Amino acid sequence: MTQLDGVVKPKTKRSKRFLDNRAPKLIEDVKTAMIMKGGNTSQTITQALKDIYALKKPNAVLYKKKNITRPFEDSTSLEFFSKKTDCSLFLFGSHNKKRPNNVIFGRMFDFHVLDMIELGIEKFVSLSDIKASKCPEGTKPMLVFAGEAFDTDNEHKRLKSLLIDFFRGPTVSAVRLAGLEHVLHFTALEGKIYMRSYRSLLKKSGCRTPRIELEEIGPSFDLVLRRTHLASDDLYKLAHRQPKALKAKKKKNISHNVFGTKFGRVHMQKQDLSKLQTRKMKGLRKRKGGVVAEGQDGQAPKVAKVES
């Protein structure tokens, strides 16, 4: 590929297909996450990154080598890897004396950092520590958020939006009941965030609706909020802008009431009632070869012959 005046021009068909795949689309592909660790890590961080990678597969890239970078001081390294692997989400893990067992969730917009939120792991239980059957790879999880802070505090609101972006998976039009088996539960309570992973079990209940039980499968995190890097309101609004082709067009003369019933308004032209076809009655029909004459003294009408 050659680059002229900032425009990359492909030389081969393979490079052309590669650029077409990276080009903006009306309906974007599933967001991919890159998971990497810093220069100093601990066993807890290494195992935590592997477990989150297991939840995110196959829409994730795991870097096994250490990357000496500090996202809050300089994010150019993250932006470079994001453009190289076409990833719009990232998870960075590190460990030091000042901030032990540290993870950073973040997302990109146009290959530049949009949001970053730093969380500290206070308690961690890995997937292998909980002996239970796991969900298949690529299962779309159900996300549950509990806690008043997710609706009132600005930082927790952005964290909720970021976690939904990170774990939501592909967009589907329909899901079968048996496919709703993975639940990710986030609870904000007393300044901490608790993340739990469950597998839903459908049990017999004696009726048509099954009885649902939750079985913890891991991983389990007790997190505390640390530093944040949030986008401005204008940039955040720009990142959520949708193309006009995807916006639903408003249909004219259609309305709904409070119960969801659809009403349609039909516009008709003015009708000429003189040309309106009425019901044909046998008694008023003209007979062949004669005209109907009015009767006298209340007698029935007589038929008069017509001379030719």
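Reader: Which residue in β7 is the bridge partner of glycine 106?

Author: The model is a predicted one. Strands β6 and β7 pair in the antiparallel sense over eight bridges. Within this pairing, the partner of glycine 106 in β7 is methionine 116.

Reader: Which residue in the turn of the hairpin formed by β6 and β7 has a positive phi?

Author: The hairpin places two residues between β6 and β7. The residue in that turn with a positive phi, of about 55 degrees, is aspartate 110.

Reader: In β6, which residue is the bridge partner of glycine 93?

Author: Strand β5 (residues 89-94) pairs with β6 in the antiparallel sense, over six bridges. In that strand β6, the partner of glycine 93 is valine 103.

Reader: How many of the eight residues of strand β6 are buried?

Author: Strand β6 covers residues 102-109 and is largely enclosed by the rest of the structure. A residue counts as buried when its relative accessible area is under 20%. The number of buried residues among the eight of β6 is seven.

Reader: Where does glutamate 181, the salt-bridge partner of arginine 199, lie?

Author: The closest N and O atoms of arginine 199 and glutamate 181 are 3.8 Å apart. The pair links distant parts of the chain, 18 residues apart, with arginine 199 in strand β10 (residues 192-203). Both arginine 199 and glutamate 181 are buried. The place of glutamate 181 is the loop between α5 (154-167) and β9 (182-189).

Reader: What is the relative accessible area of glutamate 213?

Author: The side chains of glutamate 213 and arginine 211 meet in a salt bridge at 2.4 Å, N to O. Arginine 211 is partly exposed, with a relative accessible area of 40%. Glutamate 213 is also partly exposed, and its relative accessible area is 32%.

Reader: Which residues gather with Lys237 in a patch of positive charge on the surface?

Author: Lysine 237 lies in helix α6 (residues 233-239). Its relative accessible area is 65%, so lysine 237 counts as exposed, the cut-off being over 50%. The residues that gather with Lys237 in the patch are Arg241, Lys244 and Lys247.

Technical notes:
Residues numbered from 1 in each chain as written. Predicted model: local features only at pLDDT ≥ 70, side-chain atom pairs only at ≥ 80, totals over all residues. Heavy atoms only, no water. Patch = residues over 30% accessible without salt bridge, like charges linked within 9 Å, V, L, I, M, F, W, Y side chains within 5 Å. Areas by Shrake-Rupley, 256 points an atom, 1.4 Å probe, with all protein chains shown as cover. Salt bridge = Lys/Arg side-chain N within 4 Å of Asp/Glu carboxyl O. Lys, Arg positive; Asp, Glu negative; His and termini not counted. Charge placed at Lys NZ, Arg CZ, Asp CG, Glu CD. Helix = DSSP H or I, 4+ residues; strand = E, 2+ residues; numbered from the N terminus. Buried < 20%, exposed > 50% of the residue type's maximum accessible area, 1.4 Å probe, protein only. Pairing = 2+ DSSP bridges.
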